[in-house]
Structure formats: C-alpha cells, structure tokens
Amino acid sequence: MDAHEEIIHIDDTVLESRQRFLKLHETGHFQLPHQRKLFRFFEDSDKELDPGIADKFEREANNFARFALFNGSTYADRASDLPLAFSSVKKIHKTFKVSLYAGLREYARTHRHICIAMAIEKPTLCPTNGLSAEIRRTETSFAFEEQFGLPRLPVITKKHPFWCLVPFGRATRPTLFTLTDLNGDRHEFVGEALDTTFNILLFACPTALFKQ
C-alpha cells in the first residue's frame, strides 16, 4: 500500500480469492487511523517500524480483512444453521467469495460445537518421522479447545489419530477414529479430508454431532 497516493499494488499472479484478502488487508492498514499516520510517517523517513509493532499491525489488518470477508458474524451465523460437516463449508464458502481453505478455517474457529480443521502438506518420507505430513495450520472451535486443548504437534505421523484421514487420492470419505480429551477420556470422532492440490484440508467433529 502506498499511503500517500492511497494506492494498493497487487501481484496479479496471485489467486483471485487471495487477492481479495490482500486488498482488504492493505485497506485495513489505511482505514485504521493509528496505522495510516504511522505508515505515512515511515514512508517519508529511513526509519522502520519496531518488529513488535509491525507484527501487531499485520494482525490488526488481518482481522480487518477477515471481518470484511465474512461480513462480521454473518458467515458464522449461516454456518451454524447447517449440519456440522465439511459439506456445509463446501456449500457456503463460494457465497462469500472466499477460498475453501479460508471458509473451513472460519467455520471451525467460530462454530459453537466441538470441531477441528487442519491444513496439511502432502505426505512425504522424512528421515526422522518416516512417512508424515507437515501441519500448516490448525483451527479449533472454543468448545474443542476447552475439552481437548490445542494440538501442538508439527506433523501428522502414522501414530497420529488424524493419520487415517490423510488422503492418498482426491479425498477421504467420513472415517471414524478416537481422540483423548484433557481428562484422559476417549471420544469417537468422524473426519473427512480433501486434497485441493494447493494443500490438504481436514475436518473432524464428534460422531454424535456429525450430520451429512
């Protein structure tokens, strides 16, 4: 973003859905008054933002873009009226003109029920972990975090509960597996996965709540 000229420069080789986010992100830098003043100041000097402040500004701009993309809580409200399943994300993400990846993350992050979403890399053979898939991003509902905590592992290995969901084709149909909660109790989950070619998206929720 050129703060003085009020122009946003976008790389047109980036996917269109990603461009929408980037435009809104850069708009956030300009629309948030405290950021606009500082960006104009630093454009005219040879100084740079403190890394901590720069990181805070990036997160604020991300939140601005997210709020605009999903029309506040509108996406979450519509999603909550649909069955708890990956198929619901596939139904509504195009309405908001967001990628399936962004829609799934928002779905898991804002849902009132227990659910978890992951974006992972394609499985590769690693000298340390053997055949495994690197975890790029994890989003959980508040209810999931309360009962199961936040997943900390950087990869999915053959010993990981989610391994059965990793597709070795286009998709993994609803598959049962178990997760252990913070109290040590085991719960039956059902999960699905889809290889989008850009990444692999996983979604899971308790079997008792799952509806197709």
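How many residues lie between E5 and E6 in their hairpin? There are 5, and glycine 184 in the turn has a positive phi of about 90°. Strands such as these (E, at least two residues) and helices (H or I, at least four residues) are DSSP runs, numbered from the N terminus. This is a predicted model, in which local features need pLDDT of at least 70, side-chain atom pairs count only at pLDDT 80 or more, and totals for chains, interfaces and linings use all residues. Residues are numbered from 1 along each chain as its sequence is written, and side-chain values use heavy atoms, with hydrogens and water left out.

Strand E5 (residues 171-180) runs antiparallel to strand E6 (residues 186-195), with 8 bridges; two strands pair if DSSP finds at least two bridges between them. Across this pairing, leucine 176 stands opposite valine 190 in E6.

Now look for the largest nonpolar core, which has 26 residues. A nonpolar core is a set of buried Ala, Val, Leu, Ile, Met, Phe, Trp, Tyr and Cys residues joined through side-chain atoms within 4.5 Å, where buried means under 20% relative accessible area (1.4 Å probe, protein chains only). Tyr75, Phe86 and Leu104 are among the members that touch the most others. H6 gives the largest share, 4 residues. A second, separate core of 20 residues includes Ile114 and Ala133.

Finally, find threonine 140 in strand E3 (residues 130-140). Threonine 140 is buried, with a relative accessible area of 10%. Leaving aside neighbours within four places in sequence, its contacts (heavy atoms within 4.5 Å) include Ala108, Cys115 and Leu150.

Technical notes:
Buried < 20%, exposed > 50% of the residue type's maximum accessible area, 1.4 Å probe, protein only.
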